[in-house]
Amino acid sequence: MIMEASPKPEERRWQGLSVSEGLVIGRVLRIHKGTRHAYPARIEVGDVESEINRFREAIEQAKEQLLGIKEHAAKLLGEAHSYIFDAHLLMLEDRQLSEEIESYITKRRANAEWAVKVIGDRLLSVYAEIKDDYLRERGSDIEDVIHRVLEALSGERPSYLDSVQDAVIVSEDLLPSAVAELNLEHARALVTDAGGWTSHTAIIARGLAIPAMVGLEDLCQHARTGDQIIVDAYKGEVILHPSAATLESCHTEIAGRKGTTAVAAPSGTGIVQTRDGVQIRLRANVELPAEFKGVRKYGAMGIGLYRSEFLLAQPGVLLSEEKQYETYAEVAQLAGADGAVVRLFDLGGDKSGESVIDSERNPALGLRAIRFCLRNEIVLRTQVRAIMRAASKGRLDIVLPMVADVADVNRAQAIIAEERSKLEASGIECGPVRIGAMIEVPSAVMTAEKIARVVDFFELGTNDLVQYVLAVDRGNDKVADWFRTLHPAVLDSLGRTLKAARDAGIPAIVCGEMASTPVYAVILVGLGATDLSMTPSSIPRVTKVMAGIDAADAQAIATECLRCASADEVEKLVREEFMTRWPNLFTAKTLPSTNLSR
Amino acid sequence: MIEARVAVKNQLGLHARAAARLVRTANRYQSSLRLERLDGTVSADAKSILNVLMLGATGGTELRAIAEGHDEAEALAALSGMFEDGFGELQP
């Protein structure tokens, strides 16, 4: 007898936004936000007491889980992100809630599940009446807690909690509570339907250095736990049910990449010399505590960019000066002798998340970064006080995000100087702090030589620079094809800014995503950059490439690139030149491709 | 029994995190603590987070805080203080 095998589902591909690079083959672990169903059952009078006890035990169990989650969240995401779980704990401890549920069990002789569901739903419906959008949305916290209690009553923990190991997590969106509950450190990749560059998924995946893609739109409707899946975050593609041929070519590519990406641990100084003797400094970009360990592990030369806004769980929630001081002191200590550059809160714009502040028509061009800080002086003053105090414990510098011109710099400097005098007058110890400007908007590029005269250093934020120079929203999929890092206008802006810094005799650190991609890093060096700051996990591969090239060659290529008229021309040139000059360092797959079509 | 007027100064209002801080503090005192909307439509036990959330108190809302018990003065002062500093949240 011949058993008919069920037909293997057909291979399907999705394009998305890569937020953390890598290529893996794995099995899907589908994570649902999930609703639990509860059914009514009538219990005997004699069982009421034991039913109430069962409910109380479930509450205790849920509390225990939440304490663990809270601790894990604090460790992984920072303390500000863990406070929300304190609210969840308080809901479980809420006597009114438990009394109502217990009385429902007693009076209706209902099973605990049903009582929890009925009272929970009643609570949610009252909450849904709240007029304020923001507060009403907090109903999701109540839902979360009710769900947890029902789960505890069922006596089963979601099975996925134990199967994260080596799985590719596929989810609509990853909520902070899921992140804190799963041991994502052991996952193989993260993929979500929703999200952009600044989504939780993106931040966490980069922190954990695992491949991640967001914006897959409807992948979740098709992927089932256990399905085979390929996540190619180099190409920005997810392949579900890969065919044998696809699998084979993927295996080959992974094997090929091993040679180029698995680089031995660096010397640990964070300085690498090109073959012709130009010294390149490699520093770390960090935002989350989860990333802190990478600074030492990958041998960075201090922290080139500390994105301080991730200290804040939410826009509008400021950490006290004391809490900030503690964090900055920790960052300084972590960075060691080479110090850390703290970027002032880059709030507003696309970083405001669920905006409660009146939404702006055009947030990327709105009240954000230094503009936000200058408009909300209390925020600025609190932060710079904390930084200057922490600078007495280790080397710290300040970079002003998104300055438009010298005027922004002057205003910020005046406020910083005022706070310093106040601190000194009250005998509070503070350390020396240099002040730099983040050059990422066209007006700052065009007046770079003027700004260079009034600051101690430059940082070049390449992600925003590309967005602003090319007028392309980097969070908008529809214009992704116009987001061309190697556009001659971008390269020219970078070259000018680097030259302005050189002429003024101040350092310039390039700290956007560009620095962490070997091809781009070579071009940056060709444009005159000698100081790059990147995701710590990228340091080994950039080190390897830097040690294998001549800066003079990079310069020759960069000069040619500047003569090009379009990004297509630059990419073609880069592909040809890199393949000819450094065939051992680059393969066709690691070089920009021109299959982009508008 | 004593009472005081308090105003929600932080922009986000009494959302979960702010409410959590308020409730944690309220529970440190023996006295009963209530928060009421000035129009008397909603009244909440300040020791119950779900009650406090139900107030739906947005930024700018004014409330009446009422304390009763042997440590009522300290309790009311602590509560008012938290409203005063906006639950440690900035107000852009």
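Student: How are H14(A) and H15(A) oriented to each other?
Tutor: In this predicted model, the axes of H14 (residues 377–390) and H15 (residues 406–425) of chain A cross at roughly 55 degrees. Angles from 65 to 115 degrees would count as roughly perpendicular and those under 35 as roughly parallel, so H14(A) and H15(A) are oblique to each other.

Student: Within what distance do the axes of H14 and H15 of chain A come?
Tutor: They come within 9 Å.

Student: Is the crossing of H14(A) and H15(A) left-handed or right-handed?
Tutor: H14(A) passes H15(A) in a right-handed crossing.

Student: Which residues make the contact?
Tutor: From H14(A), A:Glu377, A:Leu380, A:Arg381, A:Val384, A:Arg385, A:Met388 and A:Arg389. H15(A) contributes A:Ile415, A:Ile416, A:Glu419, A:Arg420 and A:Leu423.

Student: New topic. Where is A:Tyr328?
Tutor: A:Tyr328 is in helix H12 of chain A, residues 321–335.

Student: Buried or exposed, A:Tyr328?
Tutor: Buried, because 25 other C-beta atoms lie within 10 Å of A:Tyr328 and the cut-off for buried is 20 or more.

Student: What is A:Tyr328 in contact with, leaving aside neighbours within four places in sequence?
Tutor: A:Val342, A:Ala386, A:Ile387, A:Ala390 and A:Leu396.

Student: Last one: what does the model score?
Tutor: ipTM is 0.90 and pTM is 0.70. Chain B averages a pLDDT of 90, and 97% of its residues score at least 70.

Note on methods:
Residues are numbered from 1 along each chain as its sequence is written. Chains are lettered from A and ligands numbered from 1 in the order in which they are written. This is a predicted model: local features need pLDDT of at least 70, side-chain atom pairs count only at pLDDT 80 or more; totals for chains, interfaces and linings use all residues. pLDDT is the predictor's confidence in each residue, from 0 to 100. Axes are lines fitted to C-alpha atoms, for helices over the stretch in contact, and angles run from 0 to 180 degrees between N-to-C directions. Helices (H or I, at least four residues) and strands (E, at least two) are DSSP runs, numbered from the N terminus. Angles under 35 degrees count as roughly parallel, over 145 as roughly antiparallel, 65 to 115 as roughly perpendicular and the rest as oblique. A crossing is left-handed if the near helix is turned anticlockwise from the far one by less than a right angle, and right-handed if clockwise. Two residues are in contact if their C-beta atoms, placed from the backbone, lie within 7 Å. A residue is buried if 20 or more other C-beta atoms lie within 10 Å of its own, exposed if 12 or fewer, and partly exposed in between; C-beta atoms are placed from the backbone.
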